[in-house]
Amino acid sequence: MVAAYDPLVTETGGINNAYTGILGPLNSASDDCFAGGGGPNDVPTWQNWNNYSLNSAIGPQGGFWSSNFKGVSRCNTILSKLPNVPGLTEADQKRYTAEAQFLRAHYYFDLVRLFKNVPLFTQPVSVDEVYVKTQAKPEEVYALIEADLKAAVEVLPATVVAAENGRATKPAAIALLGKVFLYEKKWAEAAAQFKLVNGETPGSAGPYNHKLQANFGNIFSPDNKFNSESIFELSHTGNQGYGWGNWNQYKSNLYVNMVGARDYSGPVFAGGWGFNPVTTQLADALKNDPRYGYTVVNMDSLTKANNLKYNPSYQNTGYFIKKYAPLLKYRSTTGESALNYPNNYIEIRLADTYLMEAEALVQVGTDQARAGQLLNAVRARVGLPGVAATLDNIYNERRLELATEGHRWFDLVRTGRAASVLSFKGFQAGKHEILPIPLADINNTKLVQNPGY
């Protein structure tokens, strides 16, 4: 079971031995950030998605494909073996089964969103079988995802003890099922699932005790892991003390150092590698918003005011990510400090499910009053006045609330806005909504390359 969770929190290594974390590439592909780094060839998997020069050989698809299918494979192995494990209690067998179903659904949801046309494996297969497998219809993949999550919801615990934080729970499975329905445009079903997590009264604790954090900035603090707003959180540790020789073993958060300013030395922040500079579009959109200071670091202003310096990275804008910024107080004192940050990644949080339910309600045309309550509870948390529950307002709120958290690119694609919003980066409609099947994985198989690649 530990092995089945592992691909969720492994940012390096994998089958293609590259950086496989999801935040950096997704932020690079969106209008939240540029790729940045040391130059136009630094981490090319980010650069080629940033400027939409993707091809089957170059891009982030190798890491995404291999890590998610590794997860699928491990889940299938667990599900095939569990009925015959001696000495396993019925309760443990049911829980492990439900967790494996949740995880398989999670991995396949990422695969179908990123690639659309993927092979469907529901049991362990031999190498020979992999080479003759064809792609399933997306509807078939979504059917498996729905079935796995519905089964998992019936069994998973409502909460877990602190020692089990990061394991799948019932509200995590419900929220993920709601998100799946949202992507399938099953609006009523999506709204119903989200309401089970969000509760009857937006802004108050829901049935699983999830509640918006009073302080927006505290959501992302390593001192506040698995807080009341967290529904599904990927856990990282800063205690490994690893160095470069442990490339494919890190369970720390490497992304933290990647987004720090290059060669910066001063108070509060540690230096980093200058990736994912925030676009001026996002910085300008946030400047009159209370979330600005918790989302963006204006490094130019900071260094000028304090007579400090940093080395501008490629595509530098002067704006850096704050939510995952490398802070001195969390910098490891063992191993290679840059490689051992403890920051978690909250993949699904309550403000996200509030806004997804509001969107689903507006789309289905029911309970517009509740849609407004959900939207404005998110705004009220940061002291903003209420606005009408329109799709435009909800989409805008998602951008500002969830900026740099890896949701923006998916949101633009699923709502049909990517071609217009991302045209300045080279996005082509009818092609770039999905990634190419990796060249290494399509060679000598019966898989068919995605259109345009």
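How many of the five residues of strand S4 are buried? In S4, five of five residues are buried, and the strand is mostly covered. Buried stands for under 20% relative accessible area, exposed for over 50%, and partly exposed for what lies in between, with a 1.4 Å probe and protein chains only. The model is predicted, so local features need pLDDT of at least 70 and side-chain atom pairs count only at pLDDT 80 or more, while totals for chains, interfaces and linings use all residues. Residues are numbered from 1 along each chain as its sequence is written, and side-chain values use heavy atoms, with hydrogens and water left out.

**View 1. Strands S1 and S4 pair in the antiparallel sense.**
The view shows S1 (residues 230-234) and S4 (residues 345-349), which are joined over four bridges. Two strands count as paired if DSSP finds at least two bridges between them. Strands (E, at least two residues) and helices (H or I, at least four) are DSSP runs, numbered from the N terminus. Ser230 stands opposite Arg349 in S4, and Glu233 stands opposite Ile346 in S4. S1 is mostly covered, with five of its five residues buried. In a regular strand, side chains alternate between the two faces of the sheet.

**View 2. Thr353 lies in helix H14.**
Thr353 is buried, with a relative accessible area of 0%. Thr353 touches Ala175, Phe194, Asn198, Ile231 and Ile348, leaving aside residues up to four places away in sequence. Contact here means heavy atoms within 4.5 Å.

**View 3. Helix H15 passes helix H16 in a left-handed crossing.**
Two packed helices are described by the angle between their axes and the distance between the axes. The axes of H15 (residues 368-381) and H16 (residues 391-401) come within 11 Å and cross at roughly 35°. Such axes are lines fitted to C-alpha atoms, for helices over the stretch in contact, and the angles run from 0 to 180 degrees between N-to-C directions. A crossing is left-handed if the near helix is turned anticlockwise from the far one by less than a right angle, and right-handed if clockwise. Leu375, Val378, Arg379 and Arg381 in H15 meet Asn393, Ile394, Glu397 and Glu401 in H16. The residues of this contact divide into three nonpolar, one polar and four charged. Ala, Val, Leu, Ile, Met, Phe, Trp, Tyr, Cys and Pro count as nonpolar, Asp, Glu, Lys and Arg as charged, and the others, Gly among them, as polar.

**View 4. The buried residues of H16 pack against several elements.**
Ile394, Tyr395, Glu397, Arg398, Arg399, Leu400 and Glu401 are the buried residues of H16. Their packing partners are helix H11 (280-286), S4, helix H14 (350-364), H15 and helix H17 (408-414).

**View 5. Thr279 lies in the loop between H10 and H11.**
The relative accessible area of Thr279 is 0%, so Thr279 is buried. A polar atom of the Thr279 side chain lies 3.2 Å from the backbone nitrogen of Leu282. A polar contact is a pair of N or O atoms within 3.5 Å; within protein, one must be able to donate a hydrogen and the other to accept it, and residues adjacent in sequence count only if both atoms are side-chain atoms. Thr279 touches Asp31, Asp32, Cys33, Phe34, Thr317 and Arg399, not counting residues up to four places away in sequence.

**View 6. Lys425 lies in the loop between helix H18 (418-421) and helix H19 (439-442).**
Lys425 is buried, with a relative accessible area of 7%. The side chain of Lys425 reaches the backbone oxygen of Cys33 at 2.5 Å. Residues that Lys425 touches, apart from those up to four places away in sequence, include Asn27, Ser28, Phe34 and Tyr52. Lys425 and Asp31 are 394 residues apart in sequence, and their C-alpha atoms are 8.3 Å apart in space.

**View 7. Lys185 and Val268 have positive phi values.**
Most residues other than glycine have a negative phi. Phi of Lys185 is near 65°, and that of Val268 is about 75°. Lys185 is placed in the loop between helix H8 (170-183) and helix H9 (187-198), and is partly exposed at 48% relative accessible area. Val268 lies in the loop between helix H10 (254-258) and H11, and is exposed at 52%.
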